[in-house]
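Let's take a walk through a protein chain together. Have a look at the sequence and the 3D picture, then read on.

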Amino acid sequence: MTDTPVGSASVEEPKDSTASLASGTPAPSEMPGGRAQPKTDKSEQTRALILETAMRLFQERGYDKTTMRAIAAEAGVSVGNAYYYFSAKEFLIQGFYDRMTHDHATDARNRMARTRDFSERLEIALVSWIDTAAPYHEFAAQFFRTAADPTSSLSPFSNESHPARATAVELFREVLEGSELAPKLDGELVELLPDVLWLHLMIVVLYWVFDRTPGTERTREFVRRSTPMAARVINLSRYRVFRPIVRDAKGLIQDFILPTIGKTAKP
């Protein structure tokens, strides 16, 4: 069985079952997106080692030129063991999404604990993402073309990306509900806004991927300028004169935006 780089015309053969049988490893219990659920501390350490090794090799060699065989060799595990935890190379990126999203949520919560101002909390959450993602900026564009494919499991809108997306949406729910603004807003709007704020983050991510300024300063400036504007628009929604517009906006979100976001992971 060959091990070839994933590119636009070739993909590695998924070995979630074949590799496990060949190596005598039992079939894994999978998380959404072909990622095995670790059962012990040792297996969690092995999974983390494979993921960290992959991220380093992606940075050093590029995503397309890094094979699962190379990742396994560098991590000191068998190829079958690597496929036990990640059934294809693309799911290493899903693992990266999961870990970075949790790191971002932890960092953002710590930073915004000292303020209830909605605009400040939103800006803190967005800047925290930029800071958390900074070490991976150089190779982010290499797999963005795959993530941009609406049929790809790497798409942030895919069912497979639901765990990471749910973590991020919950963070934005905390951004809003922990602010002084939330009690003043329409209850239905409060329920919908976390998904909309996550979409705001996706715009920031898109800008960040292509930003080549030192320290991604233009992305940071985009956040500094766009966040107060978004906060003002949301704040205006509490006034009666804007209620018809708010109702129209809610309908637009419910009918056209939320249906594009995978809500549950495929079994």
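## The big picture

How many helices and strands are there in the chain? There are eleven helices and two strands. Both kinds of element are DSSP runs numbered from the N terminus, where helices are H or I with at least four residues and strands are E with at least two. If you read along the sequence, the pattern goes α-β-β-α-α-α-α-α-α-α-α-α-α.

Before going further, here is where this comes from: it is a predicted model, local features need pLDDT of at least 70, side-chain atom pairs count only at pLDDT 80 or more, and totals for chains, interfaces and linings use all residues. Residues are numbered from 1 along each chain as its sequence is written, and side-chain values use heavy atoms, with hydrogens and water left out.

Of the chain's 267 residues, 48% count as buried. Here, buried means under 20% relative accessible area, exposed means over 50%, and partly exposed is in between (1.4 Å probe, protein chains only). The accessible surface of the chain comes to about 13400 Å², and 56% of that belongs to carbon and sulfur atoms. Such areas come from the Shrake-Rupley method with a 1.4 Å probe, and for residues only the protein chains shown count as cover.

Contacts tell you about the fold too; a contact means heavy atoms within 4.5 Å. Among contacts with a separation of 6 or more, 71% are between residues 24 or more positions apart.

## Helix α6, mostly tucked away

Helix α6 covers residues 118-133, and its 16 residues should span 22 Å at 1.5 Å a residue; the end C-alpha atoms are 23 Å apart, which agrees. (The expected span is 1.5 Å times one less than the number of residues.) Twelve of those 16 residues are buried, so α6 is largely enclosed by the rest of the structure. Among the buried ones are F118, L122, W129 and I130.

Now zoom in on S128, which sits in α6. Is S128 buried or exposed? S128 is buried, because its relative accessible area is 0%. Its side chain makes a polar contact with the side chain of D107, at 2.6 Å. A polar contact is a pair of N or O atoms within 3.5 Å; within protein, one must be able to donate a hydrogen and the other to accept it, and residues adjacent in sequence count only if both atoms are side-chain atoms. Leaving aside neighbours within four places in sequence, S128 is in contact with H104, D107, A108 and R111.

## Helix α2 and what follows

Helix α2 runs over residues 41-61, and its 21 residues should span 30 Å; the end C-alpha atoms are 30 Å apart, which agrees. Its buried residues include I50, L51, M55 and F58. Just after α2, G62 takes a positive phi of about 95°.

D64 counts as partly exposed, because its relative accessibility is 25%. D64 and Q142 are 78 residues apart in sequence, but their C-alpha atoms are 7.6 Å apart in space.

## Salt bridges

A search of the whole structure finds eleven salt bridges. A salt bridge is a side-chain nitrogen of Lys or Arg within 4 Å of a carboxyl oxygen of Asp or Glu. One of them joins the side chains of E52 and R99 (3.6 Å, N to O). E52 lies in α2 and R99 in α5 (residues 90-112), so this pair ties together parts that are 47 residues apart in sequence.

Another joins R56 with E74, the closest N and O atoms being 3.2 Å apart. Since R56 is in α2 and E74 is in α3, the pair ties together parts 18 residues apart in sequence. E191 also forms a salt bridge, with R173, at 3.6 Å between the closest N and O atoms. Here E191 lies in α9 (residues 187-210) and R173 in α8, so the pair ties together parts 18 residues apart in sequence. Finally, salt bridges that share partners join D107, R111, D131 and R220 into one network.
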